[in-house]
Amino acid sequence: MLELSLHIMDVAQNAVSAGATLLELSILAQSDASCLEISLADNGKGMQPQQAQMAQDPFYTTRTTRKVGLGLPLFKMACQQTGGHFSVESEPGRGTVVTAVFYTHHIDMLPLGDVDGVVRLLIACNPELDVVYCYREDDTELRLDTRQMREQLGDIPLNSPEVTLWIQEYLQEQRTVLFTTTNERE
């Protein structure tokens, strides 16, 4: 994959397939450490520890349509190519946490890509899924929580065109206000 946001979408879709009702996406960019940490935690059906380990092997998959499962192995390879590390922690009935740490100064570092677009698409395509999205860059944080949105919206579905457009504009506005201001201070 050409950008990290596509890996995020792949892992998030695995969570949806595993029956998750809550997905927490956290991205932490630390400029002083040249480090980027991406973490996806879900409350899906989870896996046995051995199965979580095997899920990182490209020749292991639970799918019946093909004999390879490349999502997690490619995500793992992308972070290890930068000198980073990768982990999958899972427990049956409790969910899974996938964490990838990248060293951003490395020549093999992939661009982050359109993570805001991935979050908007996840919400639009999975209106029953709650998504908590946190993007932190040093001391500045952008946050979106669909549980709070549901409280405000009542019966209006999260995938209605007006709400989807609002999510897009909110994320763009927050990113512009928060991170432009931060960069101007430096």
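Which residue in S4 is the bridge partner of Leu 36? The legends below take up this pairing and its surroundings in a predicted model.

**View 1. The pairing of strands S2 and S4.** In S4, Phe 102 is the bridge partner of Leu 36. The two strands, S2 and S4, pair in the antiparallel sense, and eight bridges hold the pairing. Seven of the eight residues of S2 are buried, so this strand is largely enclosed by the rest of the structure. Confidence in the protein is highest in S2 (residues 35-42), at a mean pLDDT of 98, and lowest in helix H2 (residues 49-54), at 84; the protein as a whole averages 91, with 91% of the residues scoring at least 70.

**View 2. The hairpin of strands S1 and S2.** Strand S1 (residues 22-30) runs antiparallel to S2 and is joined to it by eight bridges, and Ser 39 in S2 is the bridge partner of Ser 26. Four residues lie between the strands of this hairpin, in which Ser 34 takes a positive phi near 50°.

View 3. The structure holds three aromatic pairs. The ring centres of Phe 75 and Phe 86 are 5.6 Å apart and the ring planes stand at 80°, so this pair is edge-to-face. Phe 75 belongs to helix H3 (residues 71-80) and Phe 86 to strand S3 (residues 85-91), eleven residues apart, and the pair thus links distant parts of the chain. Phe 75 and Phe 86 are buried. With Phe 102, Phe 75 forms a tilted aromatic pair, at 6.2 Å centre to centre and 40° between the planes; here the link is between H3 and strand S4 (residues 95-103), across 27 residues. Phe 102 is buried, as is Phe 75, and ring pairs link Phe 75, Phe 86 and Phe 102 into a cluster.

**View 4. Phe 102 and the largest nonpolar core.** The largest nonpolar core has 44 residues, of which Leu 25, Ile 27, Ile 38, Phe 102, Val 119 and Tyr 133 touch the most other members. Helix H1 (residues 4-17) gives the most to this core, with six residues. When neighbours within four places in sequence are left aside, the residues in contact with Phe 102 include Leu 4, Leu 36, Ile 38, Phe 75, Ala 78 and Met 109. In soluble globular proteins, nonpolar side chains tend to be buried together.

**View 5. Arg 175 and the ring of Tyr 135.** Arg 175 lies over the face of Tyr 135, at 4.5 Å from the ring centre.

Conventions:
Residues numbered from 1 in each chain as written. Heavy atoms only, no water. pLDDT = per-residue confidence, 0-100. Phe/Tyr/Trp six-rings, centres within 6.5 Å; stacked < 30°, edge-to-face > 60°. Buried < 20%, exposed > 50% of the residue type's maximum accessible area, 1.4 Å probe, protein only. Lys NZ or Arg CZ within 6 Å of the ring centre and 35° of its normal. Core = buried A, V, L, I, M, F, W, Y, C linked by side-chain atoms within 4.5 Å. Contact = heavy atoms within 4.5 Å. Pairing = 2+ DSSP bridges.
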